[in-house]
Amino acid sequence: MKPNPIVATVDFEADGVQHGFLRLPWSRDESAWGNLMIPIAVIKNGSGPTALLSGGNHGDEYEGPIALVDLANRLSVGDVSGRVIIVPYMNYPAFQAARRVSPVDGLNMNRIFPGRPDGTITEKIADYFQRTLLPMADYVLDFHSGGRSLDFVPFAACHVLSDKDQQTRSVAARDAFGAPYAMTMLEIDATGMYDTAAEELGRVFVTTEIGGGGTATASTVGIARRGVANFLKHAGILAGDIERSPSIELEMSGPDCFCFSQARGLVEPVVDLGETVRTGDLLVRIHLIDRLGAPPEEYRARMGGILAARHFSGLAATGDCLAVVATRKT
Ligand code: CA
């Protein structure tokens, strides 16, 4: 396979604190021989495990970038045993545009792994994570939130994996993160996800959904900050005790979790995030907006649990995800 065109201005093998860039040649109208300069920090002290921390996989999700910028600016070499690699804005063009997908090529970073070294901008970034960054890492944390169109109860998550030993190690890292909710997910279609790429390489992988709506709150930022510090302590990279607090264990185990809109209209939430629902409970009404006198469409829970995610904006399109119910693990 062709080499990746990205050049790192940091030395991954050097001890110390480095703030640099992943420089990706990007020829365009505004800059004929220009580059996309993706910020990266590497903090290394001797031998030890490597943690790869990323945010901005989707560009309109903010808790991860905030926590990681703060971490990159605060960590000193003496704090670390091993290596921390921080990329707060993985899909940097999407992040700069405050969009989920890249405005350059229209691609969703989390659906195109393993990427391509001779592909578009987003595919080249994915290929660099796949073939350069992931192989260096032992522990991988990728921050997500709901973005503009979804809002979540704050959780850290790992997946159902065929390698149960790997799943156990990922569950331990997820629980160390210490979000208010701890989720185990079975993806409906895991193809092309960064998660899957990291897991197939045998890495301990944790992802999150911490809030949403295309913004962050003081509370959700606090969860992200504490979570990443706990994750690094769990990996043995930062010293100190993990700040433990109880998490509610949840499971998303199949298609019955999801509720998708079959109409365009005005969203009336009937249940709020974190509330308990039973099978058949009304979750959302969609009021038709092109006329009066028609009854609203009603969307009901197909399984019991808690409302873990909801449509964020006040108007829904046909096909939008309106609600996600997760079951409580007992
Ligand atoms: Ca996301």
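**A guided tour of the model**

Begin by selecting W26 and R28: R28 lies over the face of W26, 3.9 Å from the ring centre (a charge sits over a ring if NZ of Lys or CZ of Arg is within 6 Å of the ring centre and within 35 degrees of the ring normal). This is a predicted model, in which local features need pLDDT of at least 70 and side-chain atom pairs count only at pLDDT 80 or more, while totals for chains, interfaces and linings use all residues. Residues are numbered from 1 along each chain as its sequence is written, and side-chain values use heavy atoms, with hydrogens and water left out.

**The calcium site**

Next, select the calcium ion with H58, E61 and H144. The protein donors are H58 (ND1), E61 (OE), E61 (OE) and H144 (ND1), lying 2.3 to 2.7 Å from the ion. Donors are N, O and S atoms within 2.8 Å of the metal (3.2 Å for Na, K and Ca); water is not among the atoms, so sites may look incomplete. The donor residues follow the spacing H-x2-E-x82-H in sequence. E61 lies in the loop between β4 and α1 and H144 in the loop between β6 (139-142) and β7 (150-152), so this pair ties together parts that are 83 residues apart in sequence. Helices (H or I, at least four residues) and strands (E, at least two) are DSSP runs, numbered from the N terminus.

E61 counts as buried at 3% relative accessibility, and H144 is buried with a relative accessible area of 5%. Buried means under 20% relative accessible area, exposed over 50%, and partly exposed in between (1.4 Å probe, protein chains only).

**Aromatic pairs**

Now display the aromatic rings; a search of the whole structure finds 10 aromatic pairs. Rings of Phe, Tyr and Trp (its six-membered ring) pair if their centres lie within 6.5 Å; planes under 30 degrees apart count as stacked, over 60 as edge-to-face and the rest as tilted. Select Y62 and F95, a tilted pair at 6.2 Å centre to centre with 55° between the planes. Y62 lies in the loop between β4 (50-54) and α1 (63-74) and F95 in helix α2 (residues 92-96), so the pair ties together parts that are 33 residues apart in sequence.

Move to F129 and Y194, whose ring centres are 5.6 Å apart with planes at 90°, so this pair is edge-to-face. F129 belongs to helix α3 (residues 121-136) and Y194 to helix α5 (residues 194-200). Both F129 and Y194 are buried.
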